[in-house]
Structure formats: structure tokens, C-alpha cells
Amino acid sequence: MTKWVYTFGDGAAEGSASDKALLGGKGANLAEMCALGLPVPPGFTITTEACNHFYANGRQYPGELGAQVEAALDHIGKLTGRRFGHPDNALLVSVRSGARASMPGMMDTVLNLGLNDETVATLAAESGDERFAWDSYRRFIQMYCNVVMGLDHEVFEEILEDEKARLGAELDTEITAQQWKHIIFRYKEKVQEELEVPFPQDPQEQLWGAIGAVFSSWMNHRAITYRRLHDIPEAWGTAVNVQAMVFGNMGETSATGVAFTRNPSTGEKRLYGEFLVNAQGEDVVAGIRTPQDITEEARIAAGSDKPSLEKLMPGLFAEFVGIAGRLEAHYRDMQDLEFTIERGKLWMLQTRNGKRTAKAALKIAVEMAAEGLISREEAVNRIDPASLDQLLHPTIDPGANRDVIAMGLPASPGAATGEIVFNSDEAEEMRSVGRRVILVRIETSPEDIHGMHAAEGILTSRGGMTSHAAVVARGMGKPCVSGAGMLRIDYRSETLVVMGQTFSKGDIITIDGSSGQVLKGTVPMLQPELSGDFASIMQWADAARRMKVRTNAETPADARMARSFGAEGIGLCRTEHMFFEGDRIVSMREMILANTENDRRAALDKLLPMQRDDFVELFEIMAGLPVTIRLLDPPLHEFLPKNEDEIAEVAAGLGVDPEVLRMRTDALHEFNPMLGHRGCRLAISYPEIAEMQARAIFEAAIEAGRKTGAHVVPEVMVPLVGLVKELDFVKARIDQVAADVMAETGTKFDYLVGTMIELPRAAIRAHAIAQTAEFFSFGTNDLTQTTFGISRDDAASFLETYRQKGIIEQDPFVSLDIDGVGELVKIATDKGRATRPDIKLGICGEHGGDPASIHFCERTGLDYVSCSPFRVPIARLAAAQAALGKKLD
């Protein structure tokens with residue numbers, strides 16, 4: 001027979017903290033506290049397996065559950081001397097959810113269950129406090145009707161506020177027992193009126209209604225949203241915890257509160273928390289009464305005139321401090337505690353590892369390592385790599401009011417405020433006169449690079465997490481919200497319409513790239529701070545990791561930023577971004593419009609010194625660290641104007657007939673440019689482009705080597721190779737240029753030629769390609785596109801639907817598809833090494849900064865990952881955790 005119910009109480013428990021998967025976090029920790037001999041009200045936990053059975057069987061309970069619950073209720077009854085459902089000696093219980101992962105406030109709770117018209121009188125007589133009993137009963141009716149019967153909480157609040165106004169009472173605590181009786185009469189009348197059924201009086205009916213509501217709350221909208229945001233699997237389910245009630249609202253010697261063993265915002269080793277006298281748990285968080293500080297130190301710092309728990313109940317405070325210290329030492333982590341004091345007796349209702357800011361997490365981990373509570377390796381494993389984003393970018397002040405006007409995808413973290421602009425030229429102009437702007441586009445293209453650089457942040461109505469806007473913004477460390485589909489952007493009128501509001505050029509908005517929110521007006525910000533604790537964790541992480549961490553960078557600013565964050569080279573320099581600036585775009589367009597090879601070479605000769613200077617600066621910044629430079633990748637039409645006005649303007653600048661430019665633009669048009677004339681295909685059609693770039697790379701390597709004294713070994717990457725003959729053709733041109741440069745300069749240098757594995761065919765034929773390639777860099781953005789057959793810029797419109805319907809667990813452009821794309825990476829790795837054992841292997845797509853993908857890279861044995869500059873610390877930490885074998889929850 002399956003065991004669905006586990007009991008705890010009186011110093012004994014059938015479960016322990018290690019049973020979190022079965023009992024949920026709350027149930028496992030209640031059992032653990034009980035076994036430690038701490039004062040825990042007796043109770044039982046219905047397992048997460050029962051929840052999964054509930055959903056797998058049309059919301060039906062397991063057959064044996066009823067009898068096991070009855071036995072567990074008897075167990076509580078024996079320990080408390082009470083009987084559930086008995087009018088003269090009633091056992092009252094709380095019913096709470098408890099998933100494996102903490103989901104604060106996402107699921108449902110019912111307190112005071114078992115109260116009815118009979119047992120409320122018994123409670124009044126036993127407690128000697130009629131007001132307390134009827135107050136508890138009205139709380140139960142409100143909570144039960146809302147959670148179990150689906151009657152909105154506001155229905156009861158309206159009645160309560162109406163009665164308080166009639167009675168001239170400001171606080172709930174001013175209402176007498178007789179007045180509560182009248183309010184409860186009105187509550188029950190309203191239940192009958194709204195639901196056409198009476199409020200249930202049978203405690204058994206109440207209990208099973210509450211158990212069903214907790215299981216059902218696992219699939220409510222807020223819980224589903226929370227799971228999606230925090231990557232919590234639906235299959236985990238929730239447990240149900242039923243506990244004997246203890247009452248914090250039994251008069252002036254009773255109280256309830258929450259506390260953290262260390263400050264969850266700063267990480268300081270000080271007890272941090274709040275409590276209320278004569279209250280129940282929800283009062284502390286409801287905001288109806290102002291909570292009091294637990295410690296006298298905190299009360300003084302807050303300037304409060306209300307007594308602290310330390311002053312009000314010194315003996316109980318000392319007992320609580322002792323328990324808090326004991327629990328932190330036992331769990332070896334900062335604890336989030338809930339407690340109730342009932343008539344001078346302390347009861348512990350919950351302990352769990354407390355949620356904390358990234359700054360606090362670093363401080364707590366470093367200090368606990370110094371205290372000998374955990375090892376340095378454990379300290380490294382304690383930090384969520386993704387949380388480091390909080391430290392590297394400005395964030396919106398948690399206390400700020402948010403007037404949210406739209407939601408999009410959190411494409412690049414951080415927050416920014418500025419005036420709306422709709423085109424990149426204006427963004428640049430406004431930045432030049434000191435104005436801060438948010439670049440608002442339907443979607444961005446490489447031509448927007450200057451505007452993106454000038455803007456404080458980027459907002460687009462189209463595109464996903466790996467769209468052009470997202471990728472470039474992350475590389476620049478700028479906040480970006482992409483795919484905000486509810487926005488209606490009109491370039492002609494320079495307006496943005498959303499939710500019935502119209503915003504014009506120059507209006508102020510704020511974007512939160514960490515949440516995807518778009519907000520009206522200016523919002524207060526917190527500036528990032530990198531503490532000594534950050535440096536300590538990074539130092540320990542670097543000592544633990546095997547893989548190197550490089551950066552994706554093509555500008556000196558990006559390269560310097562990445563180096564300051566600990567990057568160990570450049571894994572991807574996208575040379576096409578260099579061609580959009582100033583005079584370069586003119587020379588690039590001259591080259592594209594040229595009718596002969598000689599004319600193309602003449603235009604390329606103008607670009608050569610510009611490219612060489614770019615590479616010299618990158619090589620100097622990296623000072624001998626590896627630099628992988630990708631040859632021109634995008635199709636040529638991306639460098640040409642798009643509409644008639646732009647064509648006329650560019651034609652005038654180039655001194656050519658607009659019709660010639662239009663015809664060339666039309667000739668280069670492709671129905672699917674992502675799979676068109678790009679990458680190595682360009683280098684084969686126009687070898688002179690690759691030759692110019694190779695010359696610029698090699699001449700820059702010689703010059704940077706002379707300036708720095710470092711041994712510069714450039715890595716030349718040929719993109720989009722699918723056939724080994726493509727690579728053979730391009731490599732022959734690169735090798736010839738290298739030989740020419742060595743002969744011309746009299747300087748010998750080392751270099752590597754490799755390819756980007758971004759096509760399934762390249763992965764399958766990696767053994768052949770490795771005969772020519774000296775390194776593979778997995779371009780997982782395009783490899784994901786070509787494996788799935790979907791465009792990353794268009795996929796955002798349906799991938800979220802796929803997630804919601806359980807078809808995929810993760811957006812494959814955000815976290816690597818291990819089973820499909822990952823399998824191709826493994827195949828290419830194995831085949832490449834079989835041919836060339838010393839082949840260098842790395843990943844340079846956006847997945848290079850994703851912790852889950854980095855774990856895969858470690859398991860596969862890649863040599864390095866490469867990511868945008870601001871994700872370098874994240875990658876360093878994730879690579880260390882992967883090397884230490886941390887399991888991803």
C-alpha cells in the first residue's frame with residue numbers, strides 16, 4: 001500500500017529534511033525541526049505524489065488517502081488532547097501548501113479550519129476570550145470562501161469596512177465579540193446570496209475542501225507564472241501540510257512574526273524580522289497594521305516608538321534567538337522563519353533557506369566560509385549565476401511605484417530611463433547634446449548599431465530573446481525589452497500607442513530589461529556595486545573551473561569591459577558590425593555596387609586600414625590572449641538602404657544614379673537571407689573580401705605584437721561552412737595572404753584557421769572538416785535555427801505557447817536544446833577530436849552565457865565558452881559550478 005501521509009509531532013517525525021521531493025520544502029523542514037526537538041505544532045503532510053495522482057486521475061484522490069488522513073488526525077488528537085470535528089473538545093487545524101521549491105504567496109492557505117457555529121462557542125469558553133474566538137471564525141470564513149469556494153476576498157472586505165464605518169472603528173482590534181457575531185451573520189448571508197449554498201459547517205467537508213483547494217492552487221495562474229519564471233517543473237507537484245492551530249491572536253501575551261537569521265538585502269549577520277502582538281500570520285504581510293521590529297537595534301534604527309519583541313517579551317526573544325542560531329547552524333544557510341507565540345509559549349511554524357538579493361548571497365556565502373560553516377566550494381555553489389546580473393546593471397528601486405504600460409521579453413538586464421526616439425540617427429544626435437534616449441523600433445537591424453550604442457536602452461515590438469536587438473544589447477550591456485507585441489509603433493507620426501495611451505517622440509519612459517516591463521515616466525534606480533565579496537567568490541570560482549571564459553566583442557569598449565570582468569580572450573569578433581560606422585559604410589557600399597573585381601578591390605583597399613586599426617586595438621587589449629575573428633557573415637543587402645528615401649540619400653552621397661542603387665538592392669534581395677548568400681559563400685563568390693580581412697588581421701597581429709611584446713596568435717574563423725571543400729577554398733586564400741604578409745614584413749607569426757559549426761551538415765561531417773579546421777566554434781544561435789527550422793526573430797510568437805502547452809520546457813534560443821542541438825554538438829566534438837585530437841573547441845552563441853548550457857559544455861568537454869561582456873562573471877561562476885558537479889535543480 002502506498003504511503004500518502006507522513007506525521008510529525010512531539011519530537012518525532014516520519015520524514016526529514018532530505019524528503020523535500022516527497023514532502024515539499026515546508027513538510028520536510030517541519031519534520032526536521034520536530035526531530036530536532038524544537039516546539040512545532042503536531043501535524044501531517046500529504047505527499048507531492050498524491051498531488052500528481054490527483055491531476056493524473058481527473059482530480060480524484062488516491063483510494064487509501066481518506067483512511068490515512070483519519071489516522072493522522074487521530075495522531076494529532078492524541079498529542080493535543082483534542083478531537084477533530086468534536087464540538088466539545090475541537091481540534092482546529094491549518095492547511096498549507098508546500099512545494100519542493102519555495103513559492104512564497106503563490107499557493108493557498110487556510111487557517112482556523114474546524115470552526116463552525118458550535119466550535120466557536122467552545123473556543124470562546126476554553127480561551128476565556130469571546131472576542132478572539134469570533135475574530136478567528138470570521139477570518140476562517142473569509143479565507144475559506146476565497147480559497148475553497150471561489151468568492152472574492154473583496155466581498156467580505158466591503159462588508160467589514162461598511163461595519164467599521166458604521167461603528168466608528170479604525171482597526172479590526174476595536175471590534176467586540178458581539179459586533180463580530182453580526183459581521184459573521186452578514187458574511188454567511190452573502191455566501192448564500194452569491195453561491196446559493198450555505199457556508200459549510202461540517203469540519204470533514206471543510207478539510208477535504210481545503211486539501212482540494214491546495215492541490216488545485218498548484219495549477220492557478222499565479223503559480224503557473226511563478227514556475228515559468230523560476231523554471232520549476234509542473235511535475236514536482238505540491239504537498240499539503242495540516243497542522244494543529246496555534247493562535248497568535250489570543251491577547252496581549254500572543255504574537256506572530258517572520259524573521260531571517262541574516263539580513264536578506266545586505267547579508268549582514270543580524271537577526272532581521274517583524275512581528276505583531278495579538279495577530280495571525282496574514283496580518284504581518286497584509287499591511288493593515290504596521291509590524292514591530294523583532295530586535296531593539298532594528299527598532300532604534302527604524303525610529304519606531306513601538307516596542308521590539310526583545311523588549312516586550314525578553315524571555316521568549318532569547319528562546320527564539322537560540323532556535324534561530326541552531327537552525328542556521330543545522331542547515332548551514334540563512335533561514336527564513338515563521339513563528340507564533342500563544343499565551344507565552346513559542347511555536348515554530350516554518351524554516352526554509354531564505355531568499356536574498358545577489359549582494360546578500362555573496363556576503364552570506366563568503367562570511368559562512370570564513371566562519372567554517374561551509375567550504376569555499378560550497379560557497380561558490382551557493383550563488384545563482386544568473387543573479388549576478390543584479391550586480392552588473394542599474395536596477396529599479398524595489399520601493400518605487402511602477403506604472404506598467406506594456407510587457408515584453410526581458411532580453412537584456414538592467415533598467416534605463418530616457419526620451420522616446422524612433423530612429424538611430426536621432427538617437428545619436430540627441431546623445432551628442434547630452435539627452436538620454438530609449439530607442440524604440442519595431443525591430444532593429446545592423447544599421448541601427450550606432451543608435452543602439454547612443455541609447456540608454458532599446459525597446460522593440462518584435463523579436464525574441466536572441467533577436468538582433470537582444471544579442472547586440474547584451475553585448476553592449478544595455479537594457480533591452482524585445483517582443484513587446486502590444487506596442488503599435490508608427491514611424492511616420494513618431495508615436496507609440498499602447499493600452500489606449502499615445503506616447504510621442506520626447507516622452508519619457510523606463511524599461512526594465514530584467515523583467516520585461518515598460519513603465520511610464522521616470523522611475524528611481526539603484527546603481528550597481530561590486531563588493532569585495534564578489535571578488536572573493538570569483539577568485540574561488542576561477543580556482544575551481546576547468547573551462548576558459550572568453551567574450552563576444554568587436555569594439556574596444558566591449559573588449560575592455562570584458563577584460564575587467566575576467567574574460568580570457570575573445571571567442572567571437574563579428575567583423576560586420578565594424579562596417580556600419582562613419583565612412584566605412586560608404587566604402588562598403590562602393591564595394592557592393594562595384595561591377596568588377598578591380599573596383600571591389602579598390603573599395604576594399606579603403607576599408608583595409610580601418611579594419612587593421614580595429615584589430616590592432618583588440619589585440620593590444622587582449623595582450624596575447626586568444627582572439628577569434630569571424631570573417632564577414634551577413635548577406636550584402638544588409639549594408640544597403642531599404643526604402644526610397646534612404647536610396648535617394650545614399651545615392652546622392654555615393655554620386656550614383658538612384659536607379660542603379662535600387663537595381664542592385666533588388667538583385668541582392670533574398671526570400672530567406674538567413675539561408676542565403678552569406679558566410680563562406682560570400683568569401684567563395686568574392687574571395688577579395690576574405691583576403692582583405694585576412695591581411696588586416698595578420699598585419700594587426702604583427703603591429704600589436706611589436707607594441708605589447710605579447711605573442712599574438714590570431715584565430716581566423718570561416719562562418720557557415722557545410723562542405724569541407726568550402727573551407728579548403730577559403731583557407732587556401734587565407735594561407736596565401738599569410739605567406740604574402742610574412743614575406744612583405746619579414747616577420748613570421750602563428751595563426752589558426754577554423755570554422756563555426758552552425759549547420760547540421762557541418763556537425764555530421766565534422767571528421768572531414770577537422771582535417772582542415774584547427775578549431776571549431778559552435779555558433780549555437782544559427783545551429784538552433786537550422787536544426788529546428790525556425791527563425792529566432794519570428795519564433796517568439798509561438799515558442800511561449802509551446803512552453804505553456806508543455807511541448808517544450810525552455811526556449812531553445814535561451815537555453816540549449818540538449819537532446820537535439822546538444823546531440824549535434826556532441827557528434828561534432830567526438831568526430832572532430834577523432835580526426836584532430838588537439839582541436840580547440842568552444843561555443844560562441846548566446847548559450848555561452850546560460851548556466852544550464854554551460855553545464856552541458858562542461859560535460860561535453862569543450863575548452864571554452866564565449867559570451868557577451870556583462871555575462872562573463874555569470875559564465876565564470878557557472879563553469880566553476882559545472883566543474884564542481886553541482887546538480888541543476
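1. Let's start with Ala 623. In this predicted model, its relative accessibility comes out at 46%, so Ala 623 counts as partly exposed; the exposed class needs over 50%. You'll find Ala 623 in the loop between H23 and strand S27 (627-630). Its backbone is worth a look too: phi is positive, about 45°, although Ala 623 is not a glycine. Most residues other than glycine have a negative phi.

2. Leu 720 also has a positive phi without being a glycine, with a value near 60°. Is Leu 720 buried or exposed? Its relative accessibility is 3%, so Leu 720 counts as buried. The loop in question runs between strand S28 (714-718) and helix H28 (724-745).

3. Back to H23, this time for its packing. Helix H23 (residues 597-622) packs with helix H27 (residues 687-708) at an angle of about 30°, and the two axes are 7 Å apart. Angles under 35 degrees count as roughly parallel, and H23 and H27 are therefore roughly parallel to each other. If you care about handedness, the H23/H27 crossing is right-handed.

4. Now have a look at helix H24 (residues 644-654), where the buried residues are Ile 647, Val 650, Ala 651 and Leu 654. Why do they sit on the same side of H24? Because the arc they cover around the axis is only 105°. Over on the other side of H24, the exposed residues are Asp 645, Glu 649, Ala 652 and Gly 653. As for what the buried residues of H24 pack against, the partners are helix H22 (582-593) and helix H25 (658-668).

5. The two ends of H24 deserve a quick check as well. At its start, Asn 643 has a side-chain oxygen that comes within 2.8 Å of the backbone nitrogen of Glu 646. After H24 comes Gly 655, with a positive phi near 70°.

6. Last stop, Asn 249, in the loop between strand S6 (238-244) and strand S7 (255-260). With a relative accessible area of 1%, Asn 249 is buried, since the cut-off for that class is under 20%. Which side chain does the Asn 249 side chain make a polar contact with? That of Ser 136, at 3.2 Å. Leaving aside neighbours within four places in sequence, the residues in contact with Asn 249 are Phe 132, Asp 135, Ser 136, Arg 139, Ser 254, Asn 278, Ala 279 and Gln 280.

Definitions and conventions
Residues are numbered from 1 along each chain as its sequence is written. This is a predicted model: local features need pLDDT of at least 70, side-chain atom pairs count only at pLDDT 80 or more; totals for chains, interfaces and linings use all residues. Side-chain values use heavy atoms; hydrogens and water are left out. Buried means under 20% relative accessible area, exposed over 50%, partly exposed in between (1.4 Å probe, protein chains only). Helices (H or I, at least four residues) and strands (E, at least two) are DSSP runs, numbered from the N terminus. The arc is that of the directions from the helix axis to the C-beta atoms. Contact means heavy atoms within 4.5 Å. A polar contact is a pair of N or O atoms within 3.5 Å; within protein, one must be able to donate a hydrogen and the other to accept it, and residues adjacent in sequence count only if both atoms are side-chain atoms. Axes are lines fitted to C-alpha atoms, for helices over the stretch in contact, and angles run from 0 to 180 degrees between N-to-C directions. Angles under 35 degrees count as roughly parallel, over 145 as roughly antiparallel, 65 to 115 as roughly perpendicular and the rest as oblique. A crossing is left-handed if the near helix is turned anticlockwise from the far one by less than a right angle, and right-handed if clockwise.
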